[in-house]
Amino acid sequence: MGRIFKNICDGKQDKILERLVSKRDKSASDLKSIIHFVKNNNLRYPELVLDCSLQLLSKHSSGLDSEYHLIIEELVNAAIESDFLEVAMKGIKSLSRKFGDKNTKVIKIAGTYRESNGDENNANEYYDYILSENKNDLKVQKRKLALLKTKEDLQPYIEGLNKLLKDNMNDIETWAELGFVYLNNLNWSRALYSYEQVIMLNPSQFYAYIRAAEILYTQGTTDNLYQARNYLCYVIIHDPEITRALWTLFSVCRAIDRTGKADAKNATLLTVCKKRLKLCYEKAKTSTLIDNYNLE
């Protein structure tokens, strides 16, 4: 869920982040903007955050003032995800010196460190301690639940996600994770329902439209194909450069043609897909890849 589970990101967020990262000779403000953008949009780019944090702490630490330990916290989280555990431990020690070993934030991060280091029992103890103090700490509930994801039997994990949603029906992150788990276990109907919950809660989450469309395409009835087409058209209207959406729409429209029940719009959409795909690959200077693919 976010850093706990998988990255939730739409095309617009990627483009904004790309602009931030592409700037040369980044100032302290630029580096902080990248870190805050990743955090505030619940994205998952640990190597990028780690690099920006290290640059800030090595070159601009004197100007960080009250943000110093916030950057340390982001450094630790990114180092854990990137498997730089020695760097993470140094950061945890710094936070412990500042806030004390009993600080909730320090305990959470220490639990995550233990978990990443393969010490799940101790990690659980850290999480249980926090929940004994505050049973409604959603992030720790998710962190504790994530420990079940590594088990061979995923049923307890799925049950835990559903239980979490009973008390937090608007939690996009958990709906997305539940959809992902159901999809990996070929439970199409429940995966589709989960992704459609994401769509209802936040219509700008384009990945959910694409996943829902792919499920409908797999199920393959005419009604499902038309619904898949609607989802994909919505994505492409808002961002015509998402190649996965274009390829899926192209496949869906061809499948509709094969049913013998295609409407006039279908032929137009096929033409649009071909043009947009060629433009995308030309822009990426990989046009030879699509030249070798039959788009007829």
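The model here is a predicted one, where local features need pLDDT of at least 70, side-chain atom pairs count only at pLDDT 80 or more, and totals for chains, interfaces and linings use all residues. Residues are numbered from 1 along each chain as its sequence is written, and side-chain values use heavy atoms, with hydrogens and water left out.

Now to the pair itself. The axes of helix 11 (residues 188-201) and helix 12 cross at roughly 150 degrees and come within 9 Å, so the two helices are roughly antiparallel. (Axes are lines fitted to C-alpha atoms, for helices over the stretch in contact, with angles from 0 to 180 degrees between N-to-C directions; helices are DSSP runs of H or I, at least four residues, numbered from the N terminus.) On the helix 11 side, the residues that meet helix 12 include W188, L192, Y195 and I199; among their counterparts in helix 12 are Y209, A212, I215 and L216.

## An aromatic cluster

Rings of Phe, Tyr and Trp (its six-membered ring) pair if their centres lie within 6.5 Å; planes under 30 degrees apart count as stacked, over 60 as edge-to-face and the rest as tilted. That rule gives seven aromatic pairs. One of them is F206 with Y234, edge-to-face at 6.4 Å centre to centre and 70 degrees between the planes. This pair links distant parts of the chain, 28 residues apart: F206 sits in helix 12 (residues 206-219) and Y234 in helix 13 (residues 222-238). F206 is buried at 3% relative accessible area, while Y234 is partly exposed at 28% (buried is under 20%, exposed over 50%, partly exposed in between, using a 1.4 Å probe and protein chains only).

Y209 and Y231 are also edge-to-face, because their ring centres are 5.7 Å apart and their planes at 75 degrees. With Y209 in helix 12 and Y231 in helix 13, the pair ties together parts 22 residues apart in sequence. Y209 is buried at 6%, and Y231 counts as buried at 12%. Put together, F206, Y209, Y231 and Y234 form one aromatic cluster.

## A buried threonine

Over in helix 14 (residues 243-259) there's T248, which counts as buried at 9% relative accessibility. Leaving aside neighbours within four places in sequence, T248 is in contact (heavy atoms within 4.5 Å) with E214 and L232.

Definitions and conventions: Angles under 35 degrees count as roughly parallel, over 145 as roughly antiparallel, 65 to 115 as roughly perpendicular and the rest as oblique.
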